[in-house]
Amino acid sequence: MAANMYRVGDYVYFENSSSNPYLVRRIEELNKTANGNVEAKVVCLFRRRDISSSLNSLADSNAREFEEESKQPGVSEQQRHQLKHRELFLSRQFESLPATHIRGKCSVTLLNETDILSQYLEKEDCFFYSLVFDPVQKTLLADQGEIRVGCKYQAEIPDRLVEGESDNRNQQKMEMKVWDPDNPLTDRQIDQFLVVARAVGTFARALDCSSSIRQPSLHMSAAAASRDITLFHAMDTLQRNGYDLAKAMSTLVPQGGPVLCRDEMEEWSASEAMLFEEALEKYGKDFNDIRQDFLPWKSLASIVQFYYMWKTTDRYIQQKRLKAAEADSKLKQTRVFSFPSPNFTKPNPNQIISVGSKPGMNGAGFQKGLTCESCHTTQSAQWYAWGPPNMQCRLCASCWIYWKKYGGLKTPTQLEGATRGTTEPHSRGHLSRPEAQSLSPYTTSANRAKLLAKNRQTFLLQTTKLTRLARRMCRDLLQPRRAARRPYAPINANAIKAECSIRLPKAAKTPLKIHPLVRLPLATIVKDLVAQAPLKPKTPRGTKTPINRNQLSQNRGLGGIMVKRAYETMAGAGVPFSANGRPLASGIRSSSQPAAKRQKLNPADAPNPVVFVATKDTRALRKALTHLEMRRAARRPNLPLKVKPTLIAVRPPVPLPAPSHPASTNEPIVLED
């Protein structure tokens, strides 16, 4: 029985779904649960299909910069497509997964400038990463552990100066001499001065109140005074005083009292040290994140100095022993049987099994004429269903393994965004299901309309004054006629506005010519609309007119504008009112007509919305109804509403008043109900 051995630190495949690609994870710990199963604590690595489209564009720009800096050899479009499947994004997210879901090993390396990208395609189960993905903040950042190899990281050695040539460099930026080994003092004199400096440091700590609380005993004060910070201060004092012991002694004890020198171990409090240990346990030696999340009031240099001093303490030795004992109690490796094992009898739900198919030609009857979605082959020992179920796409055995390992297809297809423009370089994984299905060559136009149908919403595009000025000032750059013929082509609005802001001060002296627009009176416009929209002839009430469902999909133009009719004409004809106040039309079924068979309307063929505006007579009718009658009519809007004749008063038509506004005005026309 074949088996694989997996250890801590290995990069492995995990399977969480039979149809989705494998998860790439790094094993951090192997723990044995109470019921005897083995769980792996792993670090998550993400693919391109797992991040958003904006982060994908950021990764594309980073890849282009890497190719330009490292001078990569040219690759084909198919190789570039496959390289995106080999790129991963490291994260600091941990999760626990059962070890039985491991499906094999893989290799993940940090991308280096000396690497050639095409070599990753030649190796099986080989990935690379260069960016770190934060699942919480949704950001991509460069990895801090980058190996700085290349010509730009090499030191530039200046030429040697000729004898007698002056050094023109800025000496303040150069190194400063802090100790001269050829000094006149002997080693014994230097050691005696260092002992005096330690004694002065111990006395200074006894005088300092904060140091007395931290080091209450004499032994602790003497140990703190013997640290490197005191010795460095003593040797620097000798250098500044020209190795004169008398002057150096007086410098150690000035008039204000002895000089107290403290390092980071003394400056940090116990609570700050505990925070540092907690942050070190979480982030490791990533001091930038430690400072940002745990110790923002400390400088980066202070944290680094404290880390190296903390490693010399007993606290570090104790934690190191505890970690070693904890590591001994955990599993170092585990054995997982290869998948599928001989004892594994559960079939793959994506495996296509056709009834009556010959051995070795499984899935031959799935759909005749269909080929592999990736390599377009027609023969395979095994076929697997891929994509949405209604599209009936399938993959051959080799392409299915490629899909599971690398999360994509070998060749760019229509479903993965091959037919999309350069302005949308996103893969199919970032499309919604209706959009992905509408891009399929097996989806008809009627089905596309069903998938992409959305509720119609009214929206308004309101331009600013600067935009309207830019259209006139930068007509040569905008080219409005050409833009109108090509509405799908993008327009660089920022560049046009920037050019407009440059031309605007110069053009302020010559104002633009504005042609006044002559507006017709409102009464004239209403009369023209009424003349263009004649009423439809009425159908006799006795005849039954069935509803033509096909009329719902017909295009309604401006010629079909509905005109409101006065209440007198409807009341005189003896037509009963429905519950919403509108007359019962001949095409609408009344209570005496037989029920028609309901048909399901297509969302894509939905009619344009029709708005009914209430008149004064209709509002007067509503006021005349009682509260009980209104509620009854609202509950049953299909029943006719019986209105008493005494409640309806016929009003003579009121002539339209003459327009009080001029024919041409800049104010908008408001139609009030």
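Is the crossing of α4 and α7 left-handed or right-handed?

Analyst: The model is a predicted one, and the crossing of α4 and α7 in it is right-handed. On the side of α4, the contact is made by F193, L194, A197, R198 and R205; on the side of α7, the residues are T230, L231, A234, M235 and L238.

Two packed helices are described by the angle between their axes and the distance between the axes. Here helix α4 covers residues 187-207 and helix α7 covers residues 228-240. Their axes lie 9 Å apart and form an angle of about 125°. That value makes α4 oblique to α7, because angles from 65 to 115 degrees count as roughly perpendicular and those over 145 as roughly antiparallel, with the rest in this range counted as oblique.

Helix α7 also contains Q239. Leaving aside residues up to four places away in sequence, Q239 touches K177, V178, W179 and D180. The C-alpha atoms of Q239 and N183 are 9.1 Å apart, although 56 residues separate the two in sequence.

The setting of this pair is a protein of 673 residues, of which 27% count as buried. It has 24 helices and 13 strands. Among contacts with a separation of 6 or more, 65% are between residues 24 or more positions apart.

Several strands are paired as well. Strand β2 (residues 11-14) runs antiparallel to strand β3 (residues 23-32), and four bridges join them. Within that pairing, Y11 has R26 of β3 as its bridge partner. Strand β4 spans residues 38-46 and is antiparallel to β3, with eight bridges between the two. The hairpin of β3 and β4 has five residues between the strands, and G36 takes a positive phi near 95° there.

A further hairpin is formed by β7 and β8, with four residues between them. In its turn, K138 has a positive phi of about 55°. Strand β7 (residues 126-134) and strand β8 (residues 139-142) run antiparallel and are joined by four bridges; L131 stands opposite A142 in β8.

K405 lies in helix α14, which comprises residues 397-406. With a relative accessible area of 17%, K405 is buried, because the limit for that class is under 20%. Its side chain is joined to that of D125 by a polar contact of 3.2 Å. Beyond residues up to four places away in sequence, K405 touches Y13, Y22, R47, E124, D125 and F127.

N350 is found in the loop between β9 (333-337) and β10 (384-386). This residue is also buried, with a relative accessible area of 12%. A polar contact of 3.3 Å joins the side chain of N350 to that of S18. With residues up to four places away in sequence again left out, N350 touches S18, S19, W383, Y384, A385 and W400.

Technical notes: Residues are numbered from 1 along each chain as its sequence is written. This is a predicted model: local features need pLDDT of at least 70, side-chain atom pairs count only at pLDDT 80 or more; totals for chains, interfaces and linings use all residues. Side-chain values use heavy atoms; hydrogens and water are left out. Buried means under 20% relative accessible area, exposed over 50%, partly exposed in between (1.4 Å probe, protein chains only). A polar contact is a pair of N or O atoms within 3.5 Å; within protein, one must be able to donate a hydrogen and the other to accept it, and residues adjacent in sequence count only if both atoms are side-chain atoms. Contact means heavy atoms within 4.5 Å. Two strands pair if DSSP finds at least two bridges between them. Axes are lines fitted to C-alpha atoms, for helices over the stretch in contact, and angles run from 0 to 180 degrees between N-to-C directions. Angles under 35 degrees count as roughly parallel, over 145 as roughly antiparallel, 65 to 115 as roughly perpendicular and the rest as oblique. A crossing is left-handed if the near helix is turned anticlockwise from the far one by less than a right angle, and right-handed if clockwise.
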